[in-house]
Amino acid sequence: MTNPPPPGNWNDPTWSAQPSSPAPDPTLVAGQPVPPQPGPVDPYAPVAPYAPIDPYAPVDPYAGAQPPAAQPMPSYAPAGYAPAGYPPQYPGYGYPQPPKTNGLAIAAFVLAMIGFTSCITAPIGAILGHVAQKQIRLSGEGGAGIAKAAIIVGWILTGLLVLVLAVYAAAIAYAIATSDNSSF
């Protein structure tokens with residue numbers, strides 16, 4: 001079914017069977033020729049190794065990649081291969097692992113430091129520091145410095161405790177010797 005022509009002198013371009021302008025040339029874009037699409041690339045074609053490389057050329061990041069389904073991951077290591085994961089570290093590379101710190105050395109240091117307030121734990125910390133030093137020499141663990149600090153701090157505080165007790169005892173003895181017993 002065709003529509004009748006519009007009334008009057010008005011020309012409707014949708015009604016007219018004749019195009020108002022010639023069809024555009026598909027090989028021209030904005031008056032410039034369209035470059036042809038590149039063909040398939042032969043991966044085995046010889047390449048000039050010193051040819052200039054265009055750094056702005058488009059790169060297909062998925063070129064040569066296979067879909068994940070084509071590369072099944074085994075759940076076990078095949079015979080003769082190492083299990084999946086990081087490779088073992090070669091000796092001599094990177095920083096060596098520090099030795100484990102002796103727990104008794106830490107406890108001795110803590111007790112020696114608590115001796116500043118309680119005075120009773122200082123000699124215990126010093127003695128435990130000696131025991132920790134012996135364990136460190138036998139096992140090769142770390143913490144020799146902590147044990148030595150516990151010994152030093154523990155014996156200094158023990159010496160101060162003994163000195164304070166001696167002064168206190170002398171003060172009591174002096175007070176008793178100089179007191180007048182007739183006031184009772």
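This is a predicted model: local features need pLDDT of at least 70, side-chain atom pairs count only at pLDDT 80 or more; totals for chains, interfaces and linings use all residues.
Residues are numbered from 1 along each chain as its sequence is written, and side-chain values rest on heavy atoms, with hydrogens and water left out.

Helices are DSSP runs of H or I with at least four residues, numbered from the N terminus. The axes, which are lines fitted to C-alpha atoms over the stretch in contact, with angles from 0 to 180 degrees between N-to-C directions, come within 7 Å for H2 (residues 121–139) and H3 (residues 144–177) and cross at roughly 155°. H2 is therefore roughly antiparallel to H3 (over 145 degrees). The crossing of H2 and H3 is left-handed, the near helix being turned anticlockwise from the far one by less than a right angle. Residues in contact (heavy atoms within 4.5 Å) include Ala 122, Pro 123 and Ile 136 in H2 and Ala 144, Trp 155 and Thr 158 in H3. The residues of this contact comprise twelve nonpolar, six polar and one charged, where Ala, Val, Leu, Ile, Met, Phe, Trp, Tyr, Cys and Pro count as nonpolar, Asp, Glu, Lys and Arg as charged, and the others, Gly among them, as polar.

For H1 (residues 103–118) and H3, the axes come within 8 Å and cross at roughly 25°, which means that H1 is roughly parallel to H3 (under 35 degrees). The crossing of H1 and H3 is also left-handed. Among the contributing residues are Phe 109, Met 113 and Phe 116 of H1, together with Ile 146, Val 153 and Leu 157 of H3. The contact of H1 with H3 contains 13 nonpolar, two polar and no charged residues.

Definitions and conventions: Helices (H or I, at least four residues) and strands (E, at least two) are DSSP runs, numbered from the N terminus. Angles under 35 degrees count as roughly parallel, over 145 as roughly antiparallel, 65 to 115 as roughly perpendicular and the rest as oblique.
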